[in-house]
Amino acid sequence: MGTINSAFSLISGALDADQSALSIVANNVANANTPGYTTEIPNWQENQPVSINGVSYGDGVTESGAVSLRDRVLEERLDQQQQLASSSSARLTALNSVQALFVPDSGTASATAGDIGNDITSFFSSFASLEAAPTNSSLRQEVLSSATTLAGDVSNAAASLNTQRSALDQEAFGVTSQVNSLTGAIAQLNQQIQTTTPDGNAGTLEDQRQQDLSQLSQLIGINQVQTENNGLSVTTTSGQLLVSEGSSFQLTSGPLGGVTNFFVGTTNITAQLASGGGQLGGLLTARDQDIPSALNTLDQLAYNVSTKVNAQNNAGTDLAGVTGTAANPLNIFSQPAAIAGSAVSMSVVMADPNQIAAAAAGQGTGDNSNATAMANLANQAIVGGQTPTDFYSSFVSTLGATVSGVQADNTAQNASVTQLQSQNNALSGVNLNDEAAAMSTLQTSYQAASQVFTILNTIMTSALNLGTETAVT
Amino acid sequence: MRVDPSYVSNLVGSLDQAQSNEQQLTAELSSGVAINSLSQNPVAAGENVLLLNQIQQDDSFTQSSNLVSGQLQVADSALGGVVTQLTQAISLATGADNGTLNAADIRSVGSQISGILDEVQSLANTSYQGQYIFAGGQTSTTPFTTSTNGTPNVTTYNGDQNVNYLSTPNGQKIQLNVPGSQIFLGAGSNSVFAALNSLVADYSSGTVNTTQAISDTQALSTALGYVSQNRVTIDNSITQLTAASDAVTSSQTQLTGAQTNLMQADVAEVSTQLSLSETQQTALEDVIAQLDQASNSLFSKLQ
């Protein structure tokens, strides 16, 4: 403390610094509930000491601006985990709709409507009943009505799956525009950050960019690359550039093979997006893997049951003594041309129950051996190496296991997101207690400085009056 | 390390979890079903399909066996009638063959046997629900018709040799019919109808060729033996059917029990879980209420 004047400048500097720090606290408190806001702390800097005659005198402190408390690594990990969680969550929602079509029959009601497992059993049991009285017209009618129920339920389930698939397609299409507006915003923020604060802390601009990144992470899988001057590049997880510092590249979509495909430039990245993560990843996985696999299972079931039952019916003699021929087949189900699509188009074409061939070819109409053969189809490996019931049973088990697996993944990923969020909040969130304590400290410091200022004022007055005491209030 | 300042939102997350848990448990309680979607227990859902399949097969077999047992009973009682008639015919013929009867009595025996022949033929043409039961697979064709063009009359079989079986759920096969030819035509001269027709011819004139009549009576006895043998087949089927039905019923009971265990909610367990979850929810709500008061911030302590 060289002179009284320098003491004045030191103390007024302290008052300024406290004032500035207090305004940072005020800003923190005001933004405590702003999404994406990162808490800021004052940056104190000691002024260069002044050296007079070999003695070093301190020159006080300045507050050189707020610094955001952020951890980029933590934020990036949070984004990555968010991508996984959003992906599994979108997939889980889709799978829940799929499994709602195959509600297990509790057995409390006589039979749940629409339960394909029960329909299969009823259909083949109706042939077993026909064994008892092969000419009985009510038993024959029962065969046709149970066949109609089976075909109706299978084709309804397949049609619902197709509807769900197009709904997912629509939803995925809708994500594109959100992705594009976010990448555009990130590119713009990059420009601002790079021009205004190439070296230092970008504060709220960076908060906004981080907020956009975490929103983008909910939509698609991304990688972030820090570039010079505080810039940022964003690529898809497969490496397709979406944002390069100040410029963004549009994600476009177009129909291909009956579904929406996604492109950057001319590169089709649909498959990479599906495995990349984010909501879009989950939607595409459900659209391109889960639902087609369920549909394919139903197709196989429908195709094999229809063709095998038709073939067996054509091998026998109906109540009129007629045996089916290639030209005039006695088909119960519409004969599917190929496996794909056979579930949707499964239907009963036979109108006259007397055309059911209960008797073997060449036998009298009272014979039941072909009805027995039809009933026995239920116990033969006619669908994918399994009996129809076993096939359906393993289908529901597999579907249930898939849903349950995705559910478990989703729960774990959400827990992990929550944990990372907690860690990030602990560092970057505004803690009101902290701020209250800081404010209290700064106020005390401000009061102390103003007290010193008052004393200096007295000393200064005394000096100006050359030692004569004057009352200073 | 600092505390996450947004702990209240985390607590609200836990509250949501507790509530969805309660919803699930309440749904289980109200429906009585433990598994409402495949993902709750994929293995049980698969198992359920198989169990229901077996239960339904058993159920359908029980219905079939009721239908079939009626047909078998009718066949058995028809064959019983045939046996009675044939026994009477043999005793009439034996009386006529011993040479003590006069011509008028012998002609009367002939006409009685002729009546028996008609009765047996009508029994052989027994139908059940409009289907001839002794016609093999030709159930819509009258199996036995008699031509009166020659002497003796000739009864022909119009059915076939087809035998129907009913399969039980465990794969056993139960014979449902015996072709009429096997019962009534026997082998060669052991035909019931040939023997009866011959006897009618033997006695029609009033004078008896004793040797021929005795041989024809003998043939009728042998034919009666065949009928009885084949009646045993039908009786066996009835016994098998009853045994199979019993087995199926008891298996159905077991399967239904297993299926119930698999799918039904254990009310005591679910209620306990529900009560636990509700306690948890109340506790969370209390914690949130206390923490969420703004007065808890340090700012409120500053003057």
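pLDDT, the predictor's confidence in each residue, runs from 0 to 100. This is a predicted model, so to speak: local features need pLDDT of at least 70, side-chain atom pairs count only at pLDDT 80 or more, and totals for chains, interfaces and linings use all residues. Residues are numbered from 1 along each chain as its sequence is written, while chains are lettered from A and ligands numbered from 1 in the order in which they are written.

Confidence comes up first. Chain B has a mean pLDDT of 87, with 97% of its residues at 70 or more. Within chain B, the lowest confidence falls in strand β4 (residues 154-157) of chain B, at a mean of 85, and the highest in strand β6 (residues 173-175) of chain B, at 91. Helices (H or I, at least four residues) and strands (E, at least two) are DSSP runs, numbered from the N terminus. For the complex, the predictor gives an ipTM of 0.84 and a pTM of 0.85.

Next comes the interface. Counting two residues as in contact if their C-beta atoms, placed from the backbone, lie within 7 Å, 53 residues of chain A touch 53 residues of chain B. On the chain A side, α3 (116-132), α8 (369-376), α9 (388-428) and α10 (432-464) each supply at least two residues, and α9(A) gives the largest share, 16 residues. By class, that side of chain A splits into 18 nonpolar, 32 polar and three charged residues. Here Ala, Val, Leu, Ile, Met, Phe, Trp, Tyr, Cys and Pro count as nonpolar, Asp, Glu, Lys and Arg as charged, and the others, Gly among them, as polar.

Helix α8(A) deserves a look of its own. A residue is buried if 20 or more other C-beta atoms lie within 10 Å of its own, exposed if 12 or fewer, and partly exposed in between, with C-beta atoms placed from the backbone. Six of the eight residues of α8(A) are buried, so this helix is largely enclosed by the rest of the structure. The buried ones are A:Ser369, A:Asn370, A:Ala371, A:Thr372, A:Met374 and A:Ala375. They pack against α3, α7 (278-314), β12 (316-317) and β13 (359-360) of chain A, and also against β5 (165-167) of chain B.

On to the cores. A nonpolar core is a set of buried Ala, Val, Leu, Ile, Met, Phe, Trp, Tyr and Cys residues joined through C-beta atoms within 7 Å. The largest one has 149 residues, and those with the most contacts inside it are A:Val154, B:Ile113, B:Leu196 and B:Leu220. Helix α4 (residues 137-196) of chain A gives the most to this core, with 18 residues. Leaving aside neighbours within four places in sequence, A:Val154 is in contact with A:Ile116, A:Leu298, A:Leu301, A:Ala302, A:Ala343 and A:Met346. Apart from this core lies another, of 10 residues, including A:Leu10, A:Ile11, A:Ala17 and A:Ile24.

A:Gln164 also lies in helix α4 of chain A. With 21 other C-beta atoms within 10 Å, A:Gln164 is buried. A:Ser97 is 67 residues away from A:Gln164 in sequence, yet their C-alpha atoms are 7.8 Å apart in space. Beyond neighbours within four places in sequence, A:Gln164 is in contact with A:Ala94, A:Ser97, A:Val98 and A:Ile291. In helix α2 (residues 72-99) of chain A sits A:Leu78, which counts as buried because it has 22 C-beta neighbours inside 10 Å. Setting aside neighbours within four places in sequence, the contacts of A:Leu78 are A:Val417, A:Leu420, A:Gln421 and A:Asn424.

That leaves the strands, where two strands pair if DSSP finds at least two bridges between them. Five bridges join strand β5 (residues 222-226) of chain A to β6(A) in the antiparallel sense, with A:Val225 opposite A:Ser233. β5(A) and β6(A) form a hairpin with five residues between them, and A:Asn229 in the turn has a positive phi of about 60°. β6(A) then pairs antiparallel with strand β7 (residues 241-244) of chain A over three bridges, and A:Val234 stands opposite A:Val243. In this second hairpin four residues lie between the strands, and A:Gly239 in the turn has a positive phi of about 100°.
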